[in-house]
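Hi everyone, thanks for making time for this. Let me put the sequence and the model up on the screen, and then we can walk around in it together.

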Amino acid sequence: MNNFNGQMSIFDIVLDHNKELPTTEPPTVSEPVKTGKPIVGGKNICPYPIPTVKDIIKLIDSSSYRVNKSKLISDVFECGALAISNLVDFTKYDEREKRYLEIIKTYQPSEQKLIADIFSRIFALCSSVTYDDGVFDDYLGELFMRCNQGNSKAGQYFTPYHVSKLMAKMSFTENDVKQNEVITINDCCSGGGGLLLAALDVLKNDYGVNYAYNCYMDAGDVDARCVHMTYLALSLAGVPAIVKHQDALSRQLWSVWKTPAFIFQYHRFYKYQNLN
């Protein structure tokens, strides 16, 4: 774990922040994204430009002639969530590994590499919020809607991030943020996690809260794709959280996803896991 200005980052490689960036590229599942744009922030340890939503959409569109676009996007989200969960939540390992293999075996080797390439960019983009000058946004929600994956018949339209952030700013006051006390936040219809990310944005940047230690999130959605998106976004941001695939009205529950930050700090957050 790293601690950048008091904020933990679970997934970054432990490096001395003052060391020079490497001059050679480490082996990866795909070539680093070369957008020609500057790295987000001036003190990041990441030596490569951070991918954008536009970069990811371009990669998805480049393959749309050979795979079903909607299925590909859903499978990338689910496989990514399964991969992260299986690194930490061993109680679910067997069933989730089986599900991962079921999905990945439906693709040819070149298509499997495509999934890895897309997810590597999602990983880099979503985890960039933990960097010194990382920028919060509803990246996966934006990706989802710009790829026309929303269900208009069900009224599925994600809240624009600037609106989510305004709502978060209106929801918190100095009295809500107390030193070393856990702040609990719930969203039972989380979508891509945009409202939750906006709350983290405000807590971290307006109030200086180390959300990885002093914030717990309980999220859920009836749409499995939204569950996977929220789980990815919160996991890669280093948030202690539980995300449920659940009908908020009937309370029917299909699956529970615990982020690495929750599992690593179980002793601190276990008492909050039955909030809703």
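Helices here are DSSP runs of H or I of at least four residues, strands are runs of E of at least two, and both are numbered from the N terminus.

Before going on, a word on the source. What you see is a predicted model, where local features need pLDDT of at least 70 and side-chain atom pairs count only at pLDDT 80 or more, while totals for chains, interfaces and linings use all residues. Residues are numbered from 1 along each chain as its sequence is written, and side-chain values use heavy atoms, with hydrogens and water left out.

The cut-offs are under 20% relative accessible area for buried, over 50% for exposed, and partly exposed in between, using a 1.4 Å probe and protein chains only.

Now for a pair that links distant parts of the chain: tyrosine 216 is in strand E4 and tyrosine 272 is in the segment after helix H11 (266–269), 56 residues apart. Their rings are stacked, with 5.9 Å centre to centre and 25° between the planes. For the record, rings of Phe, Tyr and Trp (its six-membered ring) pair if their centres lie within 6.5 Å, and planes under 30 degrees apart count as stacked, over 60 as edge-to-face and the rest as tilted. Tyrosine 216 counts as buried because its relative accessibility is 0%, and tyrosine 272 is buried too, at 18%. Both belong to one aromatic cluster, along with Phe262, Tyr266, Phe269 and Tyr270.

How many aromatic pairs does the structure hold? There are eight. The phenylalanines we began with are one of them: the ring centres of phenylalanine 119 and phenylalanine 123 are 6.1 Å apart and the planes lie at 80°, so this pair is edge-to-face.

Strand E4, residues 215–221, also holds methionine 217. Methionine 217 counts as buried, because its relative accessibility is 0%. Beyond its neighbours within four places in sequence, methionine 217 is in contact (heavy atoms within 4.5 Å) with residues including Ile185, Leu196, Leu234 and Ile242.

Next, helix packing. Two packed helices are described by the angle between their axes and the distance between the axes. The axes of helix H1 (residues 53–61) and helix H5 (residues 139–146) come within 10 Å and cross at roughly 40°. Axes are lines fitted to C-alpha atoms, for helices over the stretch in contact, and angles run from 0 to 180 degrees between N-to-C directions. On the H1 side the contact includes Val53 and Ile57, and on the H5 side Tyr139 and Leu143 are among the residues involved.

H5 has another partner: its axis and that of helix H9 (residues 224–236) come within 9 Å and cross at roughly 145°. Leu140, Gly141 and Phe144 of H5 meet Arg225, Met229, Leu232 and Ala233 of H9.

Finally, the whole chain. It has eleven helices and six strands, and 51% of its 276 residues count as buried.
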